[in-house]
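Have a look at the picture first, then read on.

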Amino acid sequence: MKHIIQMGKKVLRNIAEEVPHNEITSVRIQSIIQNMNDVLATQNDGVALAAPQIGESYRIFTVAPFIFDDPSDEHLIYINPKIIEQSEKKKWLHEGCLSCRWKVGDVERSVTATVHAYDEYGKEFTQTGDGLLAHIFQHEIDHLDGILFIDKAQNIRDMTEEEINDVLEGTNEQRHV
Ligand SMILES: [Zn+2]
């Protein structure tokens with residue numbers, strides 16, 4: 001099992017590479033996607049993960065199925081994602097990052113964002129997210145550009161031991177990306 005790379009490592013600061021379209025279905029890229037999903041599934045509070053967070057400098061992120069009412073109907077894998085539209089209206093949201101254990105802070109992001117991307121079969125799609133999903137899109141695409149939430153967050157603080165234990169036991173509602 002791959003582990004989640006923590007801040008301080010260069011791979012989190014690189015501009016990740018686009019996946020050539022004809023390589024999306026290759027064994028190499030498919031196994032990266034599988035590894036990302038496996039690692040994300042180990043994190044009680046994890047709602048999304050970008051490929052650089054497992055040390056793979058590719059423009060891919062994955063979203064956890066459990067944030068959707070009907071995940072079978074949703075796109076969970078985003079390859080070469082680009083934000084093509086985002087609302088001027090912004091909102092501050094409490095955020096944390098699986099690569100910045102155990103910090104939280106407030107980040108201002110657009111309340112809706114539309115992404116153009118390719119799925120794991122190489123098919124292109126656009127998806128509009130609002131609320132948590134919009135924040136996820138923006139946080140994950142920042143990862144692909146070498147940006148961490150601590151670069152833009154305010155009120156950054158370390159979580160308390162009690163809060164961390166709640167996360168590890170799955171009883172903390174704060175979601176990390
Ligand atoms: Zn993150």
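This is a predicted model: local features need pLDDT of at least 70, side-chain atom pairs count only at pLDDT 80 or more; totals for chains, interfaces and linings use all residues.

Let's start with a term: a residue counts as buried if 20 or more other C-beta atoms lie within 10 Å of its own, as exposed if 12 or fewer do, and as partly exposed in between, with C-beta atoms placed from the backbone. Numbering runs from 1 along each chain as its sequence is written.

**Overall build**

- The chain has three helices and eight strands; helices (H or I, at least four residues) and strands (E, at least two) are DSSP runs, numbered from the N terminus.
- Along the principal axes, the C-alpha atoms fill a box of roughly 45 × 40 × 35 Å.

**The sheet and the hairpin**

- Five strands make an open sheet in the order S1-S2-S3-S6-S7, with antiparallel pairing; two strands pair if DSSP finds at least two bridges between them.
- At the edges sit S1 (48-50) and S7 (124-130), each pairing on one side only.
- From one strand to the next, the twist averages 40°.
- Inside the sheet, S3 (residues 77-86) and S6 (residues 112-118) run antiparallel and are joined by five bridges, with Ile79 opposite Tyr118 in S6.
- S4 (residues 90-96) and S5 (residues 103-110) are also antiparallel, joined by seven bridges. They form a hairpin with six residues between them, and Leu93 stands opposite Val107 in S5.

**Helices**

- H2 (residues 132-144) packs on the sheet, touching S1, S2, S3, S6 and S7, and its direction makes about 120° with that of S7. Here axes are lines fitted to C-alpha atoms, for helices over the stretch in contact, and angles run from 0 to 180 degrees between N-to-C directions.
- Why is H2 largely enclosed by the rest of the structure? Eleven of its 13 residues are buried, so the rest of the structure largely encloses H2. Among the buried ones are Phe137, Glu140 and Leu144.
- After H2 comes Gly146, whose phi is positive, near 80°.
- H3 (residues 161-169) includes Val167, which is buried, with 21 other C-beta atoms within 10 Å. Val167 is 122 residues from Asp45 in sequence, yet their C-alpha atoms are 6.3 Å apart.

**The nonpolar core**

- The largest nonpolar core has 37 residues, of which Met36, Ala51 and Ile60 touch the most other members. Such a core is a set of buried Ala, Val, Leu, Ile, Met, Phe, Trp, Tyr and Cys residues joined through C-beta atoms within 7 Å.
- H1, S1, S2, S3, S6 and H2 each give two or more residues to this core, and the largest share, six residues, comes from H2.
- Leaving out residues up to four places away in sequence, Ile60 touches Val19, Ile32, Ile33, Met36, Ala51, Tyr78 and Ile79; contact means that C-beta atoms, placed from the backbone, lie within 7 Å.

How values were computed:
Two residues are in contact if their C-beta atoms, placed from the backbone, lie within 7 Å.
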